[in-house]
Amino acid sequence: MPVSSAKTPEPSVATASTENPADTMSKRDVVRALAGMLLAMMTAFLSSTIVSTALPTIITALNGSQNQYTWIVTATLLASTASTPIWGKLADLFSKKLLVQLSITIFTIGSIAAGFSESVETLIAWRALQGLGLGGLQSLIVIVIGVIVSPRERGKYMGPIAAVMSVATIAGPLLGGVIVDSPLGWRWCFFAGAPLAIIALLVVQRTLNVPVIKRKVSIDYLGAGLLTGGVCSLLIWVTLAGDQFAWASGTSFLLVGMGVAMLALLVFVETKVAEPIIPLRLFRDRTTVLATLAGIAVGTAMFGGAVFLGQYFQIARSYSPTAAGLLMLPMIISSTIASSASGWLITRFGRWKRFLLTGGIFMTAGFALLGTIRHDTNMVLIGVFLFILGTGTGMLMQNLVLPVQNAVAPSDLGIASSMLAFFRSLGGTVGVSVLGAILATRVADLIFDGLSSLGIDPSAAPDGEVGIGALDDLPKPLADLVRMAYGDGTATIFLVAAAVSALSILCLVAIKEVALKTKSGIQEQLEEERERQKTESVTTG
């Protein structure tokens, strides 16, 4: 697939006009380019979530184990999270259009190859390649918008991104169930996205034309390796500890030790290289640090808490996976509306802090209200709580990148944007593991107390890891007790999520609001480059 065209060349600094206020892209061009990138993003997120429903069928068809079941999910998670900051740094050094096309191509190849897998081991490998492409897409799209659109105008473009992520989250599992139950079979869960990805590649080729700032490039290979190794070690630990091995086991100590050692060495290396993968100077900026901390809190609370909503609906309330997905529609709808509305208002007024703070307050309130639910809470009331939670996350999640992109130098826009996404994803991964451990402990305690109150020996209690299939094998009184325990215990993790999300409010309060710039990232970069060329010509003359 070609990645360049003689008909649509990317102008270099020498050819970009100083008179064009968008420095190369009109609003119509921006919308067309955004359409292609969002199509690619929709394809990627759909392909990631579509597999969740198909996994039991896939494992059975390929004669896999429960351990391999976990790795089919973990492989994509590790690759996408660890590669996000690397894609961001590459975006500061190379053609962003080329990188977007490359990430789409990598994801498409991984998807098609995964569909042809004849063993679980092969499938895990291709899922990792999918994750590599996904890491590029989820960071590069925000970066490209930051380059071609000014911070003042950027808010209104965040709504469609949030909408795509929300729709893919709910539509993926539903579509996966339909495909698995159809004559097409589970392999089409991977094949289905390929045509859309190819269309997205062609659209991006025709519409995305970002000037390339030519400068000397130095790639930090050692830093990239240390970052990937360190992050993967820690992610493997938080993802599998408590399930595949104990939190305090030798395996845990080994993974944590390796991860910390590589990341510590990374910090040293980044102070010595010319183009560090993660420039440490970014952490001297108050806005970037506070926004990153807020992003970690948001990721931990949102991804960590929301992932257990489906489990609550299915186990505690006995809904099917399809129905559980539909019951989360209030959160999806409110998130989409709030993201679009807040983005438009940020563009209108040029101020962002009040909207992010409001989002943080709504998100914290939503989790706190969900912390009151029990196994028999009215479903309409839960829908209201979810609507409040979605409103908060919609106002906060995508717009949180605005103050960071507004604060950093144009040459650091890519790595700063992707770094925020990286830490948010990292927070989400940690949140899922930690909150999952809290839930398992709470459920086990509630089952123990329930059995004791019934005069039954508590040693007969399940261990807090009961799933849908195991519940069907239990006597009805015991199954009802387990469902009640899950329903009442889930409130505990929502309260923890509320406390964590409250930290984001503190971080946002501490950020000093700066009016959003009216020039796009590429305009600022081109102006800096022209000034540098003028200075050099005067010096040499």
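Tutor: Axes here are lines fitted to C-alpha atoms, for helices over the stretch in contact, and angles run from 0 to 180 degrees between N-to-C directions. Keep in mind that this is a predicted model.

Student: Okay, so how do I read helix packing in general?

Tutor: Two packed helices are described by the angle between their axes and the distance between the axes. Take helix α3 (residues 96–115) and helix α4 (residues 120–148): they pack at an angle of about 155°, with their axes 8 Å apart.

Student: Is α3 roughly parallel or antiparallel to α4?

Tutor: Angles over 145 degrees count as roughly antiparallel, so that angle makes α3 roughly antiparallel to α4. The crossing of this pair is left-handed. As for residue classes, the contact of α3 with α4 has 18 nonpolar, six polar and one charged residues.

Student: At what angle do α14 and α15 pack?

Tutor: Helix α14 (residues 353–370) meets α15 at about 150°, and the axes lie 7 Å apart. By that angle, α14 is roughly antiparallel to α15. Here too the handedness can be read off: α14 and α15 cross in a left-handed way.

Student: Which residues of α14 and α15 meet?

Tutor: On the α14 side they include F355, L356, F362, M363 and F367, and on the α15 side they include I382, F385, L386, I388 and L389. The contact of α14 with α15 splits into 14 nonpolar, seven polar and no charged residues.

Student: And what about α13 with α15?

Tutor: Helix α13 (residues 329–349) packs on helix α15 (residues 379–396) at about 30°, with 7 Å between the axes. This crossing is right-handed. From α13, P330, M331, S334, S335, A338, S339 and S342 take part, while the α15 partners include G383, L386, G390, T391 and G394. The contact of α13 with α15 has seven nonpolar, nine polar and no charged residues.

Student: How do the lining residues divide by class?

Tutor: The lining of the second largest pocket has 17 nonpolar, one polar and one charged residues.

Key:
Residues numbered from 1 in each chain as written. Predicted model: local features only at pLDDT ≥ 70, side-chain atom pairs only at ≥ 80, totals over all residues. Heavy atoms only, no water. Helix = DSSP H or I, 4+ residues; strand = E, 2+ residues; numbered from the N terminus. Parallel < 35°, antiparallel > 145°, perpendicular 65-115°, else oblique. Left-handed = near helix turned anticlockwise from the far one by under 90°. Nonpolar A, V, L, I, M, F, W, Y, C, P; charged D, E, K, R; others polar. Contact = heavy atoms within 4.5 Å.
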